[in-house]
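Thanks, everyone. I have one structure to go through, and I will keep it short. Please have the viewer open.

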Amino acid sequence: MTATTAPVRRQLHPPPVAASPFPYNKGSLLSVQDLTLETVSHLLARASALENMDPLVRDRILLKRRVALLFYESSTRTRTSFELAAKGLGADTTLISNLSSSIEKGETLKDTGLTLRALGAEAVILRHNSSGAAWLLEEATRLPVLNAGDGMHEHPTQALLDLRTILAHVRPGIEAVEQDTLAGVTVTIVGDILHSRVARSNMLLLPRLGARVLLCGPPQFLPELATGAGPGISIERDFDAALRESQVVMMLRIQAERLAGQQIDLEQYKASYQLTGQRLAAHAPSALVMHPGPIIRGLELTAGVADGPQSVILEQVTNGVAIRMAVVERALMETSTKEGRA
């Protein structure tokens, strides 16, 4: 697995999208495609407002509202930040995992969702290993559902917090985004793109703001005939060439749990696609380094890069709480408006 001597690029075009009844609930966030740029701007501004608000005032916004966190996959950053976000607004939360509930007895997602609704849950935050699970749950319950990652499909709040992180550095002070807000900015996403819901949500969001997205990785993780992306997205196999054009580089881990028996030569992978301090200094000395976590140090990037001055990885984590406060508030305030609640 070696880098090519000349850039290899393929422009990707989206297939036609059929009309969809989703989301049923205005407070749901199933996909970044559900959000207009006006709504993205509102969420960014609201995240800042909530982050800077007096906690004693903020924790009365959703006082005693009930939020269920339904996690079928392990999670540290997403689960904890959603929980802190909901509690920071005053909501009561309960965590349901597949290892500590009737899920392990064979209960279906639909029945679990209906049970949570009957117990008084007003919104559900769902992480599931099957693509499309958030849509199924919303259809079954008609509650606001926040997609915290569904299989290899999407992770919309990660794309929003990534956007907030990028804007803070390349467009400081801007929250009201438009179609050209990120014009002239190239974001390179590197690694296991095929299995990455983070990559997919960023691919669906960033070009709408004018960003150019380069996808970089070996054919096992980035097939030539990749589809479902959008205009402004290209494949670049040569990592060094991609770095030379990048203002932002987003590293992804190899998702061993989704490889289904594929054999990957890790030494070859590291030689071609690992972000090292030497490679960063030579080709992108001022680029932001991002990673959605969890980081596998010494594989997709070195410890020196992860902890270095160009890394904004922990800033992404911090931004996750603010963004998720805005998303949780939107979910329950939309429900309040719909039901005529104060």
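Predicted model: local features only at pLDDT ≥ 70, side-chain atom pairs only at ≥ 80, totals over all residues.

Start with helix α4, residues 109-118. Its buried residues are Leu 109, Thr 112, Gly 113 and Leu 116. These cover an arc of only 100 degrees around the axis, so they sit on the same side of α4. After the helix comes Gly 120, with a positive phi near 110 degrees.

Now α5, residues 133-141. Why do we call α5 largely enclosed by the rest of the structure? Because seven of its nine residues are buried. Those are Ala 133, Ala 134, Trp 135, Leu 137, Glu 138, Ala 140 and Thr 141. Among the elements covering them are β1, α4, β3 and β4. Arg 142 follows α5, and its phi is positive, near 60 degrees.

Last, the second largest pocket, which holds about 440 Å³ of space. Of its 21 lining residues, the closest to the centre are Arg 127, Arg 197, Arg 253, Gly 293 and Pro 294. Two helices, α3 (77-88) and α7 (197-205), each supply at least two residues of the lining. How does the lining divide into nonpolar, polar and charged residues? There are four nonpolar, 10 polar and seven charged.

That is what I have; I'll take questions.

Conventions: Residues numbered from 1 in each chain as written. Heavy atoms only, no water. Buried < 20%, exposed > 50% of the residue type's maximum accessible area, 1.4 Å probe, protein only. Helix = DSSP H or I, 4+ residues; strand = E, 2+ residues; numbered from the N terminus. Contact = heavy atoms within 4.5 Å. 1 Å grid on protein atoms, 1.4 Å probe; cavity = no way out; pocket = protein on both sides within 12 Å on 5 of 7 lines; lining within 4 Å. Points joined across faces, edges and corners; volume = space filled by probe spheres on them. Nonpolar A, V, L, I, M, F, W, Y, C, P; charged D, E, K, R; others polar. Arc of directions from axis to C-beta.
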